[in-house]
Amino acid sequence: MFWRYVACFVLPSLAAQVPLGLSPDGKPSLELGTSTTTQPYNSLDSDDSLDLSSWRLDEPPPANETGHFVFETVNSLLQHWPNTRYRNGHTMVPGVIPKGTLLYHGAVNNTIPTVPEWTATDPEHSILFCNGSPDTGCWHLTLAATRPLKILYFDGTSAANTLIGPLDTQDIIAWGELRPDWRFKEDQRLADLCKWGAEYAVDGYVRMEMDFEVMLCDFTAGLEVVSWSHLASIAEPVSAVPRIPNFISKSLWFSPSLLMHAGSWHNRYPGDTRIILDLAGIVSLYDTTLAPSLVGSRDGQERCDHDMKAISSADIKAVRRSVSRILERDQGDTSGIDWKTLFRVIMERYSERFEFIDYLLNSENDSIVDPALQVHVQLRVMLTPYIFHSTVPPSASHDSSNSWATPVFKACGTAHTSSILSYISSLNPSERLLLHAVQMTSREICRVVTKMWVSGVLAGLDVHLPRDSTPDAEQMARLMSSWRQELGALMTWLDWSVWVKCRPACGPEEMCYLPSWPINMPRGRWPHHPPYYGQSESSDIINTDSLSLRDRLLMQLASPQDDDWKKPKPKCIRRIAPYSF
């Protein structure tokens, strides 16, 4: 939506802050992700309550496990921050925009669009498209939903017109194939999405760039005009010749700054609440049974490198069939489980605790024993609901697998899902995917936490399970080092965006910001339409010689390095002038 105007806007940035250091003294444990088995720990619908052999503390997740990706995705839906971190969305979710919700559309005249067009959820976004000169002004339309509007949401930075893959899920639905060479054919993409969705009465599609947008198929279906406002144009007068650096503080920065701030309102949970998603209809390319052709392409790749280039035509057809089924299914075809809350409960139970333990493990302390005791207390507190009266370690150390703690591990790992197994037959395929994500994520969390607690017990740190020997400083140092590795590896595997923040916190005149589309694209790769002279549709590289002096200066001022674009790092940026870079 934004590419037609982006060359005129740049968001300033200030000194980058250091993101969370996950146990910097230890490398990620070799245990995580090294298992080569392709089978899950245990069958999704099995009842292994009497079988403890599958709950081993030394059994890490399979290398190609994706349950934790689905888990973090679900906890990130409609949130700007995590979907800026990982721009290539893999997930589609049906939903509704409730009756009475306002949508905004910037225009050059007061004519209702008769073809599919874009709207914004915040007026700070649509104002950028209120296109008119200072002499003529511009028109801004406010609409209200007169009934629930049926939508399909694409996660990630799904409005980014780049080659790296954020448009792939839309291409699959609209065209049945990946067409990165058509990434600027936005009008055609929307028209074909609406044509495809007409059979399922889809009113529009939700995407994200600097803020969330709703691509509407028909401005007269389920909508009414609240206002047509003839506004003063935000364009600079022709007489305002830009001067460096004075022009930086002019109106050029006014709207983008407000837009970035408006988008930040939806950075964290609960995200943009004006769209209500139906998680029981989620379709994810991280579902290895749905898109097995992508499993190998993710081998050894960081999540920021995940894309759909390797997807097979058979898997594309399967994905389209799945999305069709969830859009035409009866809304009562669900188990009734509140999946959103279940995912949040687990996230909230562990996120702050892991941050705090990470802090304790890496704090300077005159005594090595005191922080070890503090960490062990935190571990025991987390496991208290699962430590049985009969849980007692053997006096001898011959049990290298620490099987005495297996019941604790299993009780913790199944605490939130065991009851669901009793009616698993009522779960649809989307709900089974959600259940698997919770199972796999809970299992690995509890495996690592139990293992860390066991090592503390055996070192004599647990007052409830005392040992004969007293730990010495050297033993405590080894234990703390092991804990750093284990917790660091777990947090890296979970990769929860809630842990990514500006450190230290930003001041009152600043906001914490991740380099975003399209403002912070690397130099020479700004979006454009039509292509500039000397630039190919098959490349993101722009011949900057064809740009105006001002546009080239803006690109130089705003563009981060490629690594900052690929792996966005939080930074504090100013919310008021003077803006700097």
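## Basis of the description

Helices (H or I, at least four residues) and strands (E, at least two) are DSSP runs, numbered from the N terminus. The structure is a predicted model, in which local features need pLDDT of at least 70 and side-chain atom pairs count only at pLDDT 80 or more, while totals for chains, interfaces and linings use all residues. Residues are numbered from 1 along each chain as its sequence is written, and side-chain values use heavy atoms, with hydrogens and water left out.

Most residues other than glycine have a negative phi, and most peptide bonds are trans.

Tyrosine 269 and proline 270 are joined by a cis peptide bond with omega of about 10°. Proline 270 belongs to the loop between α6 (254-264) and β9 (276-277). A cis bond also leads from tryptophan 517 to proline 518, where omega is near -5°.

Alanine 201, which is not a glycine, has a positive phi of about 60°; this residue is in the loop between α5 (186-197) and β6 (204-208). Aspartate 495 has a positive phi near 55° and lies in the loop between α12 (473-494) and β11.

Strands pair if DSSP finds at least two bridges between them. β3 (residues 117-120) runs antiparallel to β7, joined by four bridges, with alanine 120 opposite glutamate 213. β6 and β7 pair antiparallel over five bridges and form a hairpin with three residues between them.
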